[in-house]
Amino acid sequence: MTAVAENLALVRERIARACGKVGRDPREVKVLAVTKTHPPEVVEKAIAAGCDAIGENRVQEAAAKKPLVRGFAPWHLVGPLQRNKARKALELFDVIATVDRAPLADLLEGLLAPRNRSLPVMVEVNLGREPQKSGVLEEGLHALATHIFERCPHLQLVGLLTVPPYDPDPERSRPFFARLRELARTLERCFSLPKLELSMGMSEDFPVAVEEGATWVRLGRVLFGPRRT
Ligand SMILES: *Cc1c(COP(=O)(O)O)cnc(C)c1O
């Protein structure tokens with residue numbers, strides 16, 4: 001086994017333990033391998049090890065890396081998307097998990113419609129109201145979801161993503177994870193949706209996120225060691 005495969009096995013055990021605590025089925029929890037700063041060979045190891053998808057936070061970096069990666073996995077964009085990178089992002093990514101404003105949704109819709117391509121997206125919510133972070137504030141979520149449903153027929157809203165304020169104590173992230181779950185349940189009721197994905201939890205706090213309902217955990221360091229830049 002590669003080191004990445006061993007690390008993934010440990011991660012899956014920790015996911016199973018967290019699921020056991022709250023009576024969830026561990027098969028509901030998928031691992032997004034966040035490969036930023038790591039070379040294409042590392043992405044290949046993540047795919048070979050059986051990570052469910054690859055995550056990158058910068059379009060440029062993914063553009064340089066993805067053509068060099070052998071092996072198939074869905075790619076998720078988990079970093080903020082600027083207007084001028086939207087077209088490129090659509091070439092590279094299968095899911096854009098950081099839609100956080102109506103104009104960005106409209107821009108994506110305008111690029112997708114002529115190709116008649118449907119794109120799964122997640123809405124990023126800035127639950128900690130941190131000015132330096134992207135993500136819609138929670139009071140804007142309903143309006144953004146409405147906009148996507150009514151005006152962007154080529155965007156499929158499949159989930160919500162959040163990055164809580166940094167705190168070394170994972171228990172301090174728990175209320176943010178619980179809040180994202182509540183917001184998802186509210187949207188599901190309002191719009192009669194099937195269950196939304198919850199993309200939450202990183203290397204330091206993913207077991208807590210799983211206890212609170214995460215269906216995607218986004219993991220870098222716990223799989224690959226320290227970032228390389
Ligand atoms: C880098 C990154 C991660 C993974 O972080 P680790 O702490 O290395 O697990 C998860 N989500 C996003 C949005 C990231 O940018």
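Helices here are DSSP runs of H or I with at least four residues, strands are E runs of at least two, and both are numbered from the N terminus. With that in hand, start at the end of helix 2, where glycine 50 follows with a positive phi near 105°. Keep in mind that this is a predicted model, where local features need pLDDT of at least 70 and side-chain atom pairs count only at pLDDT 80 or more, while totals for chains, interfaces and linings use all residues. Residues are numbered from 1 along each chain as its sequence is written, and side-chain values use heavy atoms, leaving out hydrogens and water.

Back up into helix 2 itself, residues 40-49. Pro40, Val42, Val43, Glu44, Ala46 and Ile47 are buried there (under 20% relative accessible area; exposed is over 50%, partly exposed in between, with a 1.4 Å probe and protein chains only). What do those buried residues pack against? Their partners include helix 1 (3-22), strand 1 (30-34), helix 3 (59-65) and helix 9 (221-224), with contact taken as heavy atoms within 4.5 Å.

Now move along to helix 6 (residues 138-151) and helix 7 (residues 174-191). Their axes come within 11 Å and cross at roughly 40°, the axes being lines fitted to C-alpha atoms over the stretch in contact, with angles from 0 to 180 degrees between N-to-C directions. That makes helix 6 oblique to helix 7 (under 35 degrees is roughly parallel, over 145 roughly antiparallel, 65 to 115 roughly perpendicular, and the rest oblique). On the helix 6 side, Glu138, Leu141, His142, Ala145, Thr146 and Phe149 meet Arg179, Leu183, Leu187, Cys190 and Phe191 of helix 7.

Glutamate 139 meets arginine 129 at 2.6 Å, N to O. This pair links distant parts of the chain, ten residues apart, with glutamate 139 in helix 6 and arginine 129 in the loop between strand 5 (119-124) and helix 6. Glutamate 139 is exposed at 52% relative accessible area, and arginine 129 is partly exposed at 45%.

Arginine 174 lies in helix 7 and glutamate 212 in the loop between helix 8 (206-211) and strand 8 (216-219), so the bridge ties together parts 38 residues apart in sequence. Glutamate 212 is buried, at 11%.

Note on methods. Salt bridge = Lys/Arg side-chain N within 4 Å of Asp/Glu carboxyl O.
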